[in-house]
Amino acid sequence: MKEKIISAFDAVTADEALKEKTKEYLAAKRRRAPKRRPLLSWKNAVAFAACLLMVTVGATGVKAYYTETAYLSIDINPSIELGINRFGVVISQTAYNEDAQAVLDGLNVRNKRYAKAVELLLESGALDDYLSEGAAVDFSVISDDAAAVFVALQETLSGAPYAFIYTECTMQTKNEAHAYGMSFGKYALYQELYSYDNSITVEDCRDMSVGEIMRTLNAHKKSGESQNNGGSQNENTGTQQNGTLEDNGNQNGNGNNDNNGHNGNKKK
Amino acid sequence: MRDVSETNRAIDLYADTVKRICFLYLKNKEDTEDIFQNIFLKYMTHAPNFKNETHEKAWFVRVTLNSCKDLLKSARRKNIPLTDMLEAADVPPEDTGILQAVLELEENYRNVVYLHYYEGYTAEEISKLTKTNKNTVYTLLARARAQLKEKLTG
């Protein structure tokens, strides 16, 4: 019976006309079918890639903006540190004593270029009480290009009636200073003072204004006395002192004028 | 969507199978044409990717069986006499007897006879294709065989 069934059904076949008609039918359906759009057309793909690029660049830019690459410590008696990004913009401001806190409570210099930020700080009036005769302002910088920072600050502050001290510092100085709860600019001055007088302590320095420290330093330099055996100066700091200090009667004992007209004892 | 060469290959390969299943169910040429077109359109547009030809053929068998059943359920169909169908299918006279006997069986019996004797599927395979219990397939086969014998010898 199986053979009979197979033989009988073998005879039932699709004729060529039916096959051709079906093929034609499918061809017609294929022509009318909407072309399937790719998931992303090339235009959308380009737009998508551009968006992705923008997001990536944007994210990288945002990260770069909020990454500190340089630090500026401004010390008079108030001690303020500014964190600066690679674009020269201040992204953080920190007070290291109560006087500084009082100044920063009323002044926000974030998102300003650092030279503008310094200008705003000095011209705000908040520091006027500390900028009396005999005052000195210390600018300590940690940067791959500290010289450029000094130049920019000198341009901004030219003609101001108080003494400026420019000091280049290292991250090590900054870390040590913060361990004492002190700005790295003032700590660098303490280190320099300590190199002349090893009886001086961080606590002594903490309450001294920059003007007082500078006068003490100059007195040591003038007398040529060193209470420190060997009188070696600290290796972590170097300072450039603006001639304005001399103009105000606080003469720097070094007396060697550099090309910018500053008394220089900057050590590298 | 499958391309032209792929659908043409499928038509050349499975047209006879589709036609035979249509022959089991449908009593006129137009319905067969409709089913043909629908099955291969479905293949062109929606069929899954097949592991091999056996898998592909089983898809055609199952989809054709279901399409024929759906078509019969969907509306009153214009039926033509069985003898005219056999003539229209160009079946040689010596084969018309057994074909007529198969076509006169009830639908379930027709299916299992064709799938088992002609396509060579086992009871287990038929149960999967038709979503029928395997023991039911055995029963259907036994009864179909008995009825065929009776028709052919009677």
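Chain A of this predicted model has an average pLDDT of 80, and 81% of its residues score at least 70. Not every part does that well, though.

| Stretch of chain A | pLDDT | Contacts in the model |
|---|---|---|
| residues 230-238 | below 50 | 25, beyond near neighbours in sequence |
| residues 241-268 | under 50 | 68, beyond four places in sequence |

Now for the place where the two chains meet. Chain B brings 37 residues to the contact, and chain A brings 24 residues. Gln37(B), Tyr117(B) and Tyr118(B) are the chain B residues that lose the most area to chain A, together making up 20% of what that side buries.

What about charges and polar groups? There are 2 salt bridges between the chains. Glu33(B) makes a salt bridge with Lys21(A), and their closest N and O atoms sit 2.8 Å apart.

Which elements of chain B give two or more residues to the side that touches chain A? They are α1 (4-25), α2 (29-45), α5 (93-103), α6 (107-118) and α8 (134-153). The largest share comes from α1(B), with 11 residues. Sorted by type, the residues on that side of chain B are 22 nonpolar, 5 polar and 10 charged.

Conventions. Residues numbered from 1 in each chain as written. Chains lettered and ligands numbered in written order. Predicted model: local features only at pLDDT ≥ 70, side-chain atom pairs only at ≥ 80, totals over all residues. Heavy atoms only, no water. Contact = heavy atoms within 4.5 Å. Buried area = accessible area lost by both parts, 1.4 Å probe. Salt bridge = Lys/Arg side-chain N within 4 Å of Asp/Glu carboxyl O. Helix = DSSP H or I, 4+ residues; strand = E, 2+ residues; numbered from the N terminus. Nonpolar A, V, L, I, M, F, W, Y, C, P; charged D, E, K, R; others polar. pLDDT = per-residue confidence, 0-100.
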